[in-house]
Amino acid sequence: MRIVLIGPPGAGKGTQARVLAGLLAVPAVSSGDLFRVEVRQGTELGRLVRRHTDTGELVPDELTTTVVTRRLGQPDAADGFLLDGFPRTVRQAELLAESLAGDGTALDAVIALGLPDDEIVRRLTGRRMCPACGTTVHLVFSPPRVANRCDGCGGGLVRRADDGEETVLRRLAVHSAQTVPLLRWYADRQLLCHVDGSGTVPEVSERMSAALAAVRR
Ligand code: ADP
Ligand code: ADP
Ligand code: ZN
(Lines give C-alpha, C1' and ligand atoms only; values in the text may rest on other atoms or scores of the structure.)
(Ligands and ions follow the chains in the order given, each with its own letter.)
Protein backbone atom coordinates (compact mmCIF):
# COMPACT_ATOMS: atom_id res chain seq x y z
CA MET A 1 0.00 0.00 0.00
CA ARG A 2 1.04 3.60 -0.60
CA ILE A 3 0.01 5.66 2.39
CA VAL A 4 0.50 9.25 3.54
CA LEU A 5 0.35 10.31 7.19
CA ILE A 6 -0.52 13.94 7.87
CA GLY A 7 -0.75 15.62 11.25
CA PRO A 8 0.50 18.50 13.36
CA PRO A 9 4.00 18.26 14.88
CA GLY A 10 3.92 15.85 17.81
CA ALA A 11 0.71 14.08 16.78
CA GLY A 12 2.55 10.75 16.76
CA LYS A 13 3.18 10.37 13.01
CA GLY A 14 6.71 9.02 13.39
CA THR A 15 5.75 6.68 16.22
CA GLN A 16 2.78 5.27 14.31
CA ALA A 17 4.65 5.14 11.00
CA ARG A 18 7.18 2.76 12.53
CA VAL A 19 4.43 0.49 13.92
CA LEU A 20 2.36 0.44 10.73
CA ALA A 21 5.34 0.07 8.40
CA GLY A 22 6.25 -3.08 10.33
CA LEU A 23 2.72 -4.46 10.02
CA LEU A 24 2.45 -3.64 6.32
CA ALA A 25 6.07 -4.61 5.50
CA VAL A 26 6.74 -1.31 3.70
CA PRO A 27 9.38 1.31 4.55
CA ALA A 28 8.43 4.34 6.65
CA VAL A 29 9.81 7.41 4.89
CA SER A 30 10.00 10.60 6.97
CA SER A 31 10.92 13.84 5.24
CA GLY A 32 12.05 15.24 8.60
CA ASP A 33 14.39 12.25 9.14
CA LEU A 34 15.80 12.58 5.61
CA PHE A 35 16.55 16.25 6.32
CA ARG A 36 18.07 15.54 9.74
CA VAL A 37 20.53 13.06 8.20
CA GLU A 38 21.72 15.78 5.80
CA VAL A 39 22.00 18.33 8.60
CA ARG A 40 23.94 15.90 10.80
CA GLN A 41 26.33 15.02 7.98
CA GLY A 42 26.89 18.72 7.34
CA THR A 43 26.18 18.42 3.61
CA GLU A 44 25.44 21.44 1.48
CA LEU A 45 21.81 20.32 1.31
CA GLY A 46 21.84 20.05 5.10
CA ARG A 47 23.05 23.63 5.48
CA LEU A 48 20.31 24.86 3.16
CA VAL A 49 17.64 22.81 4.94
CA ARG A 50 18.66 24.12 8.37
CA ARG A 51 17.89 27.67 7.38
CA HIS A 52 14.24 26.62 7.29
CA THR A 53 13.96 23.86 9.92
CA ASP A 54 15.68 25.90 12.67
CA THR A 55 12.94 28.50 12.63
CA GLY A 56 10.07 26.05 12.08
CA GLU A 57 9.41 27.14 8.50
CA LEU A 58 8.87 24.64 5.68
CA VAL A 59 11.70 23.69 3.36
CA PRO A 60 10.78 24.81 -0.20
CA ASP A 61 8.41 22.47 -2.05
CA GLU A 62 10.58 21.56 -5.03
CA LEU A 63 13.61 20.78 -2.90
CA THR A 64 11.58 18.71 -0.44
CA THR A 65 9.87 16.76 -3.19
CA THR A 66 13.18 15.98 -4.89
CA VAL A 67 14.63 14.60 -1.66
CA VAL A 68 11.55 12.46 -0.92
CA THR A 69 10.90 11.11 -4.42
CA ARG A 70 14.58 10.15 -4.70
CA ARG A 71 14.10 8.03 -1.57
CA LEU A 72 10.87 6.53 -2.95
CA GLY A 73 12.81 5.46 -6.04
CA GLN A 74 14.83 2.97 -4.00
CA PRO A 75 13.91 -0.72 -4.47
CA ASP A 76 12.43 -1.28 -0.99
CA ALA A 77 9.69 1.29 -1.75
CA ALA A 78 8.73 -0.20 -5.12
CA ASP A 79 5.66 -2.03 -3.79
CA GLY A 80 4.56 0.43 -1.15
CA PHE A 81 5.58 2.98 1.47
CA LEU A 82 4.31 4.95 4.38
CA LEU A 83 5.10 8.65 4.08
CA ASP A 84 5.43 10.53 7.37
CA GLY A 85 5.37 14.32 7.14
CA PHE A 86 5.27 14.57 3.35
CA PRO A 87 3.43 16.09 1.54
CA ARG A 88 2.79 19.13 3.74
CA THR A 89 1.48 21.53 1.09
CA VAL A 90 -0.90 21.25 -1.86
CA ARG A 91 2.02 21.92 -4.21
CA GLN A 92 3.99 18.98 -2.77
CA ALA A 93 0.90 16.76 -3.14
CA GLU A 94 0.60 17.73 -6.79
CA LEU A 95 4.28 17.01 -7.42
CA LEU A 96 4.01 13.65 -5.63
CA ALA A 97 0.92 12.66 -7.63
CA GLU A 98 2.75 13.52 -10.86
CA SER A 99 5.80 11.52 -9.85
CA LEU A 100 3.71 8.47 -8.89
CA ALA A 101 1.63 8.73 -12.07
CA GLY A 102 4.90 8.70 -14.03
CA ASP A 103 5.55 5.27 -12.47
CA GLY A 104 1.98 4.14 -13.16
CA THR A 105 1.00 4.19 -9.47
CA ALA A 106 -0.98 6.35 -7.05
CA LEU A 107 -1.69 6.72 -3.34
CA ASP A 108 -4.13 4.30 -1.68
CA ALA A 109 -4.96 6.36 1.40
CA VAL A 110 -4.14 9.48 3.39
CA ILE A 111 -4.52 9.37 7.15
CA ALA A 112 -5.00 12.63 9.04
CA LEU A 113 -3.89 12.13 12.61
CA GLY A 114 -5.57 14.67 14.90
CA LEU A 115 -4.60 15.81 18.41
CA PRO A 116 -5.66 18.80 20.56
CA ASP A 117 -3.03 21.56 21.01
CA ASP A 118 -2.53 21.03 24.76
CA GLU A 119 -1.71 17.36 24.17
CA ILE A 120 0.65 18.30 21.31
CA VAL A 121 2.62 20.54 23.65
CA ARG A 122 2.82 17.76 26.27
CA ARG A 123 4.12 15.32 23.69
CA LEU A 124 6.68 17.69 22.16
CA THR A 125 8.13 19.03 25.41
CA GLY A 126 8.91 15.46 26.53
CA ARG A 127 10.13 14.20 23.15
CA ARG A 128 13.74 13.02 22.97
CA MET A 129 15.46 11.59 19.93
CA CYS A 130 18.43 9.36 19.22
CA PRO A 131 20.38 11.10 16.44
CA ALA A 132 22.25 7.86 15.67
CA CYS A 133 19.25 5.69 14.75
CA GLY A 134 16.26 8.06 14.72
CA THR A 135 14.39 6.37 17.58
CA THR A 136 11.99 8.70 19.39
CA VAL A 137 10.95 8.34 23.03
CA HIS A 138 9.00 10.42 25.54
CA LEU A 139 10.34 11.23 29.01
CA VAL A 140 6.96 10.50 30.64
CA PHE A 141 4.87 8.45 28.19
CA SER A 142 7.51 6.03 26.88
CA PRO A 143 10.73 6.54 28.86
CA PRO A 144 13.91 4.73 27.79
CA ARG A 145 15.05 1.76 29.93
CA VAL A 146 18.25 3.63 30.89
CA ALA A 147 17.96 7.41 31.43
CA ASN A 148 19.07 9.41 28.39
CA ARG A 149 20.13 6.29 26.43
CA CYS A 150 18.51 4.92 23.31
CA ASP A 151 16.94 1.47 23.89
CA GLY A 152 17.83 0.48 20.35
CA CYS A 153 21.50 1.42 19.94
CA GLY A 154 22.61 2.82 23.30
CA GLY A 155 23.27 6.26 21.77
CA GLY A 156 22.70 9.44 23.77
CA LEU A 157 19.21 10.99 23.53
CA VAL A 158 18.82 14.67 22.65
CA ARG A 159 16.05 17.22 22.46
CA ARG A 160 15.44 18.25 18.86
CA ALA A 161 16.71 21.76 18.12
CA ASP A 162 13.26 22.69 16.79
CA ASP A 163 11.31 21.37 19.81
CA GLY A 164 11.83 24.56 21.86
CA GLU A 165 8.62 26.40 22.75
CA GLU A 166 8.97 29.30 20.31
CA THR A 167 9.72 27.08 17.32
CA VAL A 168 6.92 24.67 18.26
CA LEU A 169 4.41 27.53 18.22
CA ARG A 170 5.69 28.59 14.80
CA ARG A 171 5.46 25.01 13.48
CA LEU A 172 1.85 24.76 14.71
CA ALA A 173 1.00 28.01 12.91
CA VAL A 174 2.71 26.79 9.73
CA HIS A 175 0.74 23.55 9.98
CA SER A 176 -2.57 25.44 10.20
CA ALA A 177 -1.72 27.80 7.35
CA GLN A 178 -0.02 25.46 4.87
CA THR A 179 -0.91 21.86 5.70
CA VAL A 180 -4.54 22.02 6.84
CA PRO A 181 -5.64 23.14 3.32
CA LEU A 182 -4.07 19.93 2.03
CA LEU A 183 -6.67 17.90 3.94
CA ARG A 184 -9.44 19.39 1.80
CA TRP A 185 -7.41 18.61 -1.35
CA TYR A 186 -7.14 14.92 -0.41
CA ALA A 187 -10.76 14.76 0.78
CA ASP A 188 -11.86 16.00 -2.65
CA ARG A 189 -9.94 13.05 -4.12
CA GLN A 190 -11.67 10.54 -1.79
CA LEU A 191 -8.38 9.57 -0.16
CA LEU A 192 -8.70 11.08 3.32
CA CYS A 193 -9.54 9.30 6.56
CA HIS A 194 -9.42 11.01 9.95
CA VAL A 195 -7.94 9.14 12.90
CA ASP A 196 -8.02 10.36 16.50
CA GLY A 197 -4.40 10.51 17.73
CA SER A 198 -5.23 10.64 21.44
CA GLY A 199 -4.79 7.68 23.78
CA THR A 200 -1.97 5.17 24.05
CA VAL A 201 0.28 4.17 21.13
CA PRO A 202 -1.46 0.75 20.73
CA GLU A 203 -4.91 2.40 20.84
CA VAL A 204 -3.97 4.76 18.03
CA SER A 205 -2.33 1.94 16.00
CA GLU A 206 -5.53 -0.07 16.32
CA ARG A 207 -7.61 2.85 14.98
CA MET A 208 -5.22 3.35 12.08
CA SER A 209 -5.26 -0.34 11.15
CA ALA A 210 -9.06 -0.30 11.22
CA ALA A 211 -9.12 2.78 8.97
CA LEU A 212 -6.77 1.12 6.47
CA ALA A 213 -8.76 -2.14 6.51
CA ALA A 214 -11.83 -0.12 5.54
CA VAL A 215 -9.89 1.42 2.63
CA ARG A 216 -8.77 -2.00 1.35
CA ARG A 217 -12.32 -3.35 1.30
P1 ADP B 1 7.36 16.69 13.21
O2 ADP B 1 7.68 15.22 13.42
O3 ADP B 1 7.45 17.44 14.50
O4 ADP B 1 6.08 16.89 12.48
P5 ADP B 1 9.32 16.64 11.10
O6 ADP B 1 10.45 15.84 11.67
O7 ADP B 1 8.38 15.92 10.21
O8 ADP B 1 8.53 17.31 12.30
O9 ADP B 1 9.89 17.90 10.33
C10 ADP B 1 10.86 18.73 10.91
C11 ADP B 1 11.05 19.95 10.03
O12 ADP B 1 11.54 19.55 8.73
C13 ADP B 1 9.79 20.75 9.73
O14 ADP B 1 9.49 21.68 10.76
C15 ADP B 1 10.15 21.44 8.42
O16 ADP B 1 11.02 22.52 8.63
C17 ADP B 1 10.96 20.34 7.72
N18 ADP B 1 10.07 19.48 6.89
C19 ADP B 1 9.74 18.18 7.12
N20 ADP B 1 8.90 17.72 6.19
C21 ADP B 1 8.68 18.76 5.33
C22 ADP B 1 7.88 18.93 4.17
N23 ADP B 1 7.12 17.92 3.67
N24 ADP B 1 7.92 20.14 3.55
C25 ADP B 1 8.67 21.15 4.01
N26 ADP B 1 9.43 21.07 5.11
C27 ADP B 1 9.44 19.88 5.78
P1 ADP C 1 5.36 13.41 15.10
O2 ADP C 1 6.19 12.50 14.22
O3 ADP C 1 3.94 13.51 14.62
O4 ADP C 1 5.98 14.76 15.28
P5 ADP C 1 6.19 11.65 17.28
O6 ADP C 1 5.85 10.29 16.80
O7 ADP C 1 7.61 12.05 17.28
O8 ADP C 1 5.26 12.75 16.54
O9 ADP C 1 5.61 11.78 18.78
C10 ADP C 1 5.82 12.97 19.54
C11 ADP C 1 6.18 12.57 20.99
O12 ADP C 1 5.03 11.97 21.61
C13 ADP C 1 7.29 11.54 21.11
O14 ADP C 1 8.05 11.82 22.26
C15 ADP C 1 6.57 10.19 21.27
O16 ADP C 1 7.34 9.27 22.02
C17 ADP C 1 5.30 10.61 22.01
N18 ADP C 1 4.10 9.85 21.60
C19 ADP C 1 3.76 9.41 20.37
N20 ADP C 1 2.55 8.78 20.39
C21 ADP C 1 2.11 8.85 21.69
C22 ADP C 1 0.93 8.38 22.37
N23 ADP C 1 -0.06 7.75 21.71
N24 ADP C 1 0.83 8.63 23.69
C25 ADP C 1 1.82 9.28 24.35
N26 ADP C 1 2.95 9.74 23.76
C27 ADP C 1 3.10 9.52 22.47
ZN1 ZN D 1 19.47 4.84 18.77
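A nonpolar core is a set of buried Ala, Val, Leu, Ile, Met, Phe, Trp, Tyr and Cys residues joined through side-chain atoms within 4.5 Å; buried means under 20% relative accessible area (1.4 Å probe, protein chains only). This is a predicted model: local features need pLDDT of at least 70, side-chain atom pairs count only at pLDDT 80 or more, and totals for chains, interfaces and linings use all residues. Residues are numbered from 1 along each chain as its sequence is written, and side-chain values use heavy atoms, without hydrogens or water.

**Nonpolar cores**
- The largest core holds 20 residues. Leu72, Leu83, Leu96, Leu107 and Tyr186 have the most contacts inside it.
- Several elements each supply at least two residues of this core, including strand 1 (2–6), helix 4 (61–72) and helix 7 (165–188). Helix 7 gives the most, with 4 residues. Helices (H or I, at least four residues) and strands (E, at least two) are DSSP runs, numbered from the N terminus.
- Another core lies apart from it, with 18 residues, among them Leu5, Val26, Ala109 and Leu212.

**Ligand 1: polar groups**
- A ligand nitrogen is 2.7 Å from a side-chain N or O atom of serine 31.
- A ligand nitrogen is 2.9 Å from a polar backbone atom of glycine 85.
- A ligand oxygen is 2.4 Å from a side-chain N or O atom of arginine 171.

**Ligand 1: shell**
- Ligand 1 is surrounded by 20 residues (a heavy atom within 4 Å). The closest are Lys13, Ser31, Glu57, Gln92 and Arg171.
- Helix 2 (residues 31–41) gives the most to this shell, with 4 residues.

How values were computed: Chains lettered and ligands numbered in written order. Polar contact = N/O pair within 3.5 Å; in protein donor to acceptor, adjacent residues only side chain to side chain. Buried < 20%, exposed > 50% of the residue type's maximum accessible area, 1.4 Å probe, protein only.
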